[in-house]
Amino acid sequence: MSKVVRVGIVGGGIFGQWHLKAFTQLQNEGKAELVAIADLVEEKRNKAAKEYGIVPYEDYKEMIEKENLDAITVVTPDAFHADIAITGLEMGCHVLSEKPMATTVEECRKILDISSKNPDKILMVDFHKRLDMYHVELERVIREGELGKIQYGYAYMEDRIEVSRDWFKSWPAGSSPFWFIGVHFVDLIYWVIKSKGDKVFATGRREKLKSLGLDFWDNISAQIVFKNGATFTVDAGWTLPDGFEAIVNQGIRIIGTEGIFEIDSQDRGAGACFKGKTQQSYNLGVYSEKHTPDGRIMYGGYGIESIMEFAYHVNYVLNGGNINDLKGLYADAEDGLEVSKICVGVHKSAEEGGTIIDLDTL
Ligand SMILES: NC(=O)c1ccc[n+]([C@@H]2O[C@H](COP(=O)([O-])OP(=O)(O)OC[C@H]3O[C@@H](n4cnc5c(N)ncnc54)[C@H](O)[C@@H]3O)[C@@H](O)[C@H]2O)c1
């Protein structure tokens with residue numbers, strides 16, 4: 001019988017639930033064993049343990065040691081990924097880190113270094129936009145040269161204000177609209193055009209959230225010049241009004257010498273309006289639940305599939321597959337570093353009021 005990954009989740013907050021669901025789905029299919037959860041908050045770890053029939057831990061190191069895990073997933077706030085990812089690799093685990101891999105270039109380099117010293121272990125960053133079918137097609141079209149030489153493009157991702165106003169009160173430090181959502185499109189662009197960042201220029205505003213007593217950027221608008229000469233504008237924001245049609249607003253367009261590709265990631269063709277609510281739009285592409293007549297829930301969507309991909313890759317290695325066969329199939333530590341480097345440059349430029357940052361100096 002083939003081996004399946006024994007996994008523990010580190011961080012049982014909002015997005016930890018997606019990891020718990022993805023591994024529940026895999027467990028139901030006989031493709032993973034969801035074993036344990038670590039969270040610093042007793043109530044959260046006990047709730048998840050009860051709901052999913054797993055073992056709760058306060059200390060993730062103790063969880064790795066006691067449960068003989070093959071893998072962990074890191075779903076802690078953005079600024080607290082690095083130490084856990086590094087320790088996980090050092091303790092012999094495959095690691096899935098939520099995006100961004102880390103919020104400093106130094107931490108990313110450390111992760112890359114430890115990852116290089118453990119070449120038989122997967123370090124994957126959960127950039128799930130790579131799994132959206134429209135983006136899969138975008139990558140293919142560009143790779144096969146149908147757009148010609150990529151010249152420029154534009155991407156935007158904006159959250160309804162409840163994300164910054166209500167969700168992040170518990171985050172002590174280290175996030176912004178660009179780290180939290182802009183990073184998704186930075187990775188997507190990096191992945192589809194296959195080029196590293198060269199220079200960035202960014203500006204942003206701190207007005208709305210400051211007026212609510214929150215020390216976050218409202219919005220950041222960045223221009224990123226890549227080594228291949230393509231220039232992209234990426235806007236990321238955290239202040240869409242409460243009545244906006246969905247938790248997020250997003251899209252991308254790319255122009256090359258031979259063509260154009262535009263994806264309205266927002267309008268997926270479904271809209272609704274209920275009593276007491278404003279107009280709602282849906283993205284069942286990222287997350288879906290299918291309730292079966294026999295009482296099971298089948299979880300799907302690219303946000304879930306991306307976590308599942310990690311399990312498939314680990315299972316491949318656990319069953320004797322060569323990890324090198326997987327090169328390029330997932331965002332690894334080098335990709336995590338390149339993407340974070342662009343985001344660090346963007347924040348540095350915005351903090352300095354719009355200086356041009358040469359990313360090779362970071
Ligand atoms: N892929 C996506 O689209 C997506 C979406 C949302 C969030 N995320 C990412 O997921 C991560 C978590 O976000 P969230 O919204 O769930 O945050 P959250 O604050 O709801 O949850 C984080 C949890 O981590 C726990 N924690 C912190 N340090 C810990 C430690 N050392 N050991 C164990 N537990 C610890 C906290 O107690 C908390 O329960 C972030 O990096 C975020 O960017 C990704």
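Me: How many residues of domain 1 are in contact with how many residues of domain 2?
Reply: This is a predicted model, in which local features need pLDDT of at least 70 and side-chain atom pairs count only at pLDDT 80 or more, while totals for chains, interfaces and linings use all residues. Residues are numbered from 1 along each chain as its sequence is written. Two residues are in contact if their C-beta atoms, placed from the backbone, lie within 7 Å. By that rule, the contact joins 18 residues of domain 1 to 19 residues of domain 2.

Me: Which helix gives the most to the side of domain 1 that touches domain 2?
Reply: Helices (H or I, at least four residues) and strands (E, at least two) are DSSP runs, numbered from the N terminus. With 5 residues on the side of domain 1 that touches domain 2, the largest contributor is the helix at residues 302-318, namely α10.

Me: What is the distance between the centres of domain 1 and domain 2?
Reply: The bounds, which come from an automatic or database domain assignment, are 5-128 + 291-331 for domain 1 and 130-286 + 341-361 for domain 2. Taken over C-alpha atoms, the centres are separated by 25 Å.

Me: Which residues come nearest to the ligand?
Reply: A residue is near a molecule or strand if its C-beta atom, placed from the backbone, lies within 6 Å of it. The shell around the ligand draws at least three residues from each of domain 1 and domain 2. Of its 26 residues, those that come nearest are Gly-11, Gly-13, Ile-14, Phe-15 and Glu-98.

Me: How many residues of the shell around the ligand are charged?
Reply: Ala, Val, Leu, Ile, Met, Phe, Trp, Tyr, Cys and Pro count as nonpolar, Asp, Glu, Lys and Arg as charged, and the others, Gly among them, as polar. The shell has 12 nonpolar and 8 polar residues, and its charged residues number 6.

Me: In what order do the strands of the parallel sheet lie?
Reply: Two strands pair if DSSP finds at least two bridges between them. The order is β3-β2-β1-β4-β5-β6.

Me: Which strands are the edge strands of the mixed sheet?
Reply: The 7 strands of this open sheet follow the order β12-β11-β7-β10-β9-β8-β17. The strands that pair on one side only are β12 (259-263) and β17 (357-358).

Me: What is the bridge partner of Lys-199 in β17?
Reply: β8 pairs in the antiparallel sense with β9 over 8 bridges, and Lys-199 stands opposite Val-225 in β9. β8 and β17 also pair in the antiparallel sense, over 2 bridges. In β17, the bridge partner of Lys-199 is Asp-358.

Me: At what angle do the axes of helix α6 and helix α8 cross?
Reply: Axes are lines fitted to C-alpha atoms, for helices over the stretch in contact, and angles run from 0 to 180 degrees between N-to-C directions. His-135, Leu-138, Glu-139 and Ile-142 in α6 meet Leu-188, Trp-191, Val-192 and Ile-193 in α8. The axes of α6 (residues 133-143) and α8 (residues 177-193) come within 8 Å and cross at roughly 35 degrees.
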